[in-house]
Amino acid sequence: MVDISPRLTGDGTLLHSDKSVWFQGRFSWLLSTLFIEADAKDEYLDAAKLGIDFLEKHCFDNDGRMFFSVTHDGRPLRKRRYLFSETFAIIAFAAYARAAKKPEYAQKALDLFKMVLKYYKTPGLCEPKTDPDVRPLKGLAMPMILTVTAQELRKAVDDKICTEIINESINEIKTDFYKPEFKCLLESVGPNGEFYDNFDGRMINPGHSIEAGWFILAESAIRNNDPELTKLGCQIINWSFQRGWDPEHGGIFYFRDAKNLPATEYWHDMKFWWPHNEAIIASLYAYKLTKEYKYLQWHELINSWTYRHFPDPVYGEWYGYLHRDGSISTPIKGNMWKGPFHIPRMQLTAWKLLEQINQHS
C-alpha cells in the first residue's frame, strides 16, 4: 500500500508508522475517483488496487467488522465501536469497481453496506456511547455518513436499497437533528430526537453540519433540484455558517453550543482544515441550486481565508490545526484523522461544480 503514515512537515521525518484503516479506504476511493472523473492514469488505478488489497488482507476482523488502526505491516491494533472504517471501505470498493470495471467489487461494497445497516439498526450489536437505560443517545454522524456512502455505492450498483437509505437518513436528519428552535443541527439527540440540556445534547459541530448540508444538496442536484431538499440543505448551511464563522478572526469554529453557552471541549475555538473544505463545497452547491449571490460571497470569504492560512508555502500540503487567530498550532500534516481525503475531495468537487456553474451562467 502507498504509505499513508503521519509525517512531519518539511523534512518528512516519520512520526508514527501505524496506519489508519479509514485512509486505506478513503485514499483508494480518491484514486479510483480521480481515474474516473479527472484523468485515467494507470498509476491512479494501480495505487488504488494496492489500497484495496491492503484493506482485504489486513483490515477485516473475523466477524466481518473492520479495525480502526493497524501496524505498518498490517497487524491489528484497535477496533472501535463506530462503523466508519466500513463505510470508507464501501466507497473504496464501489469506486474501484467502476474504475477497474470489476463488478465483483461492487458486490463486495453492497454486501458490506448491508452488514453496516445490520449493525446500525440492530440494538445491542454496536456498543452504545452511554447506557441506553439511563440516557439513550444517537449521533448525527451515522445518518450523515450513510447518506454519502449510499450515494457513492449507487454509482456502482443498481439496488433500490441505496435510495431507500438516502431517503431514510435525510428524513432522520430533518426529523430528529434539525432544530429550528435553536437554528442548528445538533450532534447528539435522543432516539426520537429528544433534546438533552447538557454538554453532549447542546453540541454543534459546524463542520459536520455543513457537510451534511451539502450531501443533501448533492442529492437534490441528482433529483433535478428537488425544492424540499434544496431548502433543507441550504437552511442547514445558513445556520451552520452563521453559528460557526468567527466574526473576529475569520475561519470556522470547531464546536459551538446550541444555547450559546461555553463549549466544554478545549479545542472548541480552533480552526481545523476539514470544516473549511466542506464549507467551500457547500457554498458552491448552494449557489448552483439557488443562484443566490450571498453564497458566492460566502464562498469567496471561506475560500480566501482557507487558502491564506492552511497551505504551507514552503513545503507544500496543508497544516491541519490552527489556533483561533489562524496561527499554526502544530506543524503536523498527517495523523490518524488527517490524510489524503478532505482536501483533494474538496478540490475535485469544487472544480466539477464550477464547470457546471459556468456552463449555465
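Mentor: You may. The model is a predicted one. Let us begin with helix 1 and helix 2, whose crossing is left-handed.

Trainee: Why are helix 1 and helix 2 called roughly antiparallel?

Mentor: The axes of helix 1 (residues 21–37) and helix 2 (residues 42–58) cross at roughly 155° and come within 8 Å. Angles over 145 degrees count as roughly antiparallel, and helix 1 and helix 2 are therefore given that description.

Trainee: Which residues of helix 1 and helix 2 meet?

Mentor: From helix 1 they are Val 21, Gln 24, Gly 25, Ser 28, Leu 31, Ser 32, Leu 34 and Phe 35. Helix 2 supplies Asp 42, Tyr 44, Leu 45, Ala 47, Ala 48, Gly 51, Ile 52, Phe 54 and Leu 55. By class, the contact of helix 1 with helix 2 holds 11 nonpolar residues, five polar and one charged.

Trainee: What makes helix 3 and helix 5 roughly parallel?

Mentor: Helix 3 (residues 84–100) packs against helix 5 at an angle of about 15°, the axes being 9 Å apart. The limit for roughly parallel is an angle under 35 degrees, and helix 3 and helix 5 are therefore roughly parallel to each other. Helix 3 passes helix 5 in a left-handed crossing.

Trainee: Which residues form the contact of helix 3 with helix 5?

Mentor: Phe 84, Thr 87, Phe 88, Ile 90, Ile 91 and Ala 94 of helix 3 meet Ala 141, Met 142, Ile 145, Thr 149, Glu 152 and Leu 153 of helix 5. Nine of the residues in the contact of helix 3 with helix 5 are nonpolar, two are polar and one is charged.

Trainee: How do you know whether helix 4 and helix 5 are roughly parallel or roughly antiparallel?

Mentor: Again the angle decides. The axes of helix 4 (residues 103–121) and helix 5 (residues 141–154) come within 11 Å and cross at roughly 160°. With over 145 degrees as the limit, helix 4 and helix 5 are therefore roughly antiparallel. The contact involves Ala 106, Ala 109, Leu 110, Phe 113, Val 116, Leu 117 and Tyr 120 on helix 4, and Met 142, Pro 143, Leu 146, Thr 149, Ala 150 and Leu 153 on helix 5.

Trainee: What makes Ser 169 count as buried?

Mentor: Its relative accessibility is 4%, and buried means under 20%; Ser 169 therefore counts as buried. Ser 169 lies in helix 6 (residues 161–177). Apart from neighbours within four places in sequence, Ser 169 is in contact with Pro 143, Leu 146 and Thr 147.

Trainee: Is Phe 182 buried or exposed, and how do you know?

Mentor: Phe 182 has 16% relative accessibility, so it counts as buried under the 20% limit. The residue sits in the loop between strand 5 (178–179) and strand 6 (184–185). Leaving aside neighbours within four places in sequence, Phe 182 is in contact with Phe 195, Arg 243, Ala 258 and Lys 259.

Trainee: What is noted about the phi of Asn 260 and of Glu 317?

Mentor: Phi of Asn 260 is near 60°, a positive value in a residue other than glycine. Glu 317 has a positive phi of about 60° and is not a glycine either. Most residues other than glycine have a negative phi. Asn 260 lies in the loop between strand 9 (256–257) and strand 10 (271–272), and Glu 317 in the loop between helix 11 (293–309) and strand 11 (321–322).

Notes. Residues are numbered from 1 along each chain as its sequence is written. This is a predicted model: local features need pLDDT of at least 70, side-chain atom pairs count only at pLDDT 80 or more; totals for chains, interfaces and linings use all residues. Side-chain values use heavy atoms; hydrogens and water are left out. Axes are lines fitted to C-alpha atoms, for helices over the stretch in contact, and angles run from 0 to 180 degrees between N-to-C directions. Helices (H or I, at least four residues) and strands (E, at least two) are DSSP runs, numbered from the N terminus. Angles under 35 degrees count as roughly parallel, over 145 as roughly antiparallel, 65 to 115 as roughly perpendicular and the rest as oblique. Contact means heavy atoms within 4.5 Å. Buried means under 20% relative accessible area, exposed over 50%, partly exposed in between (1.4 Å probe, protein chains only). A crossing is left-handed if the near helix is turned anticlockwise from the far one by less than a right angle, and right-handed if clockwise. Ala, Val, Leu, Ile, Met, Phe, Trp, Tyr, Cys and Pro count as nonpolar, Asp, Glu, Lys and Arg as charged, and the others, Gly among them, as polar.
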